[in-house]
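This briefing concerns a single protein chain, shown below.

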Amino acid sequence: GTLDMLILKTLTVQPMHGYAVAQHIERLSKDVLAVEQGSLYPALERLQKKGWVTSRWGQSPTGRRARYYTITASGRRKLGEEILSFQRVLLAIKGVMRRA
């Protein structure tokens, strides 16, 4: 769930290849969140199968062939749902931590 949400949010910036998605998440989290290839690419495939992401082949800035991922309209709707759900979980955790 959380990785899917982070990927979808990242793709709202612009279409990106997988490595750029991982770099973006790591950079914005100040390297707290490390996205491993073994998790990233299965997640991108899963998001694509659900219709929340599309992909096309293109050329990376280094000249290599790369698959670029784009969030779809249904992916944007799902992202909105995931953000609301995540915010509810964070509030619940904060409530528990205050009382503990």
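The points below cover overall composition, helix packing, surface features, backbone geometry and salt bridges.

This is a predicted model, in which local features need pLDDT of at least 70 and side-chain atom pairs count only at pLDDT 80 or more, while totals for chains, interfaces and linings use all residues. Residues are numbered from 1 along each chain as its sequence is written, and side-chain values use heavy atoms, with hydrogens and water left out. The protein chain comprises four helices and three strands, in the order α-β-α-α-β-β-α from the N terminus.

**Overall composition**

- Helices (H or I, at least four residues) and strands (E, at least two) are DSSP runs, numbered from the N terminus.
- Along the principal axes, the C-alpha atoms of the protein chain fill a box of roughly 55 × 30 × 20 Å.
- Of the 100 residues in the protein chain, 32% are buried; buried means under 20% relative accessible area, exposed over 50%, and partly exposed in between (1.4 Å probe, protein chains only).

**Packing of helix 1 and helix 4**

- Two packed helices are described by the angle between their axes and the distance between the axes.
- Helix 1 (residues 2-11) packs against helix 4 at an angle of about 130°, and their axes are 10 Å apart; axes are lines fitted to C-alpha atoms, for helices over the stretch in contact, and angles run from 0 to 180 degrees between N-to-C directions.
- Helix 1 and helix 4 are therefore oblique to each other, given that angles under 35 degrees count as roughly parallel, over 145 as roughly antiparallel, 65 to 115 as roughly perpendicular and the rest as oblique.
- Helix 1 and helix 4 cross in a left-handed manner; a crossing is left-handed if the near helix is turned anticlockwise from the far one by less than a right angle, and right-handed if clockwise.

- Phe86, Val89, Leu90, Ile93, Val96 and Met97 make a nonpolar surface patch of about 540 Å².
- Patches are made of residues with over 30% relative accessible area and no salt bridge, like charges being joined within 9 Å and nonpolar side chains (Val, Leu, Ile, Met, Phe, Trp, Tyr) within 5 Å; accessible areas come from the Shrake-Rupley method with a 1.4 Å probe, and for residues only the protein chains shown count as cover.
- Met97 belongs to helix 4 (residues 73-99) and is exposed, at a relative accessible area of 58%.
- Arg77 also lies in helix 4 and counts as exposed at 55% relative accessibility; its C-alpha atom is separated by 8.8 Å from that of Trp52, 25 residues apart along the chain.
- Ser74, in helix 4, is partly exposed with a relative accessible area of 23%; Ser74 and Val53 are 8.5 Å apart, C-alpha to C-alpha, and 21 residues apart in sequence.

**Backbone geometry between helix 2 and helix 3**

- Most residues other than glycine have a negative phi.
- Lys30, in the loop between helix 2 (18-28) and helix 3 (37-49), has a positive phi near 55° and is exposed, with a relative accessible area of 70%.
- Asp31, in the loop between helix 2 and helix 3, has a positive phi of about 65° although it is not a glycine; Asp31 is exposed, with a relative accessible area of 61%.

**Salt bridges**

- The count comes to four salt bridges, a salt bridge being a side-chain nitrogen of Lys or Arg within 4 Å of a carboxyl oxygen of Asp or Glu.
- Asp4 and Arg46 form a salt bridge through their side chains (2.7 Å, N to O). This pair links distant parts of the chain, with Asp4 in helix 1 and Arg46 in helix 3, 42 residues apart.
- Asp4 counts as buried at 9% relative accessibility, whereas Arg46 counts as partly exposed at 35%.
- Arg67 and Glu45 form a salt bridge, their closest N and O atoms being 4.0 Å apart. Arg67 lies in strand 3 (residues 65-71) and Glu45 in helix 3, so the pair ties together parts that are 22 residues apart in sequence.
- Arg67 is partly exposed at 27% relative accessible area, and Glu45 counts as partly exposed at 34%.
- Lys78 forms a salt bridge with Glu81, with the closest N and O atoms 3.8 Å apart. Because Lys78 and Glu81 are three residues apart in helix 4, they are separated by about one helical turn.
- Glu81 is partly exposed, with a relative accessible area of 47%, and a network of salt bridges links Lys78, Glu81 and Glu82.
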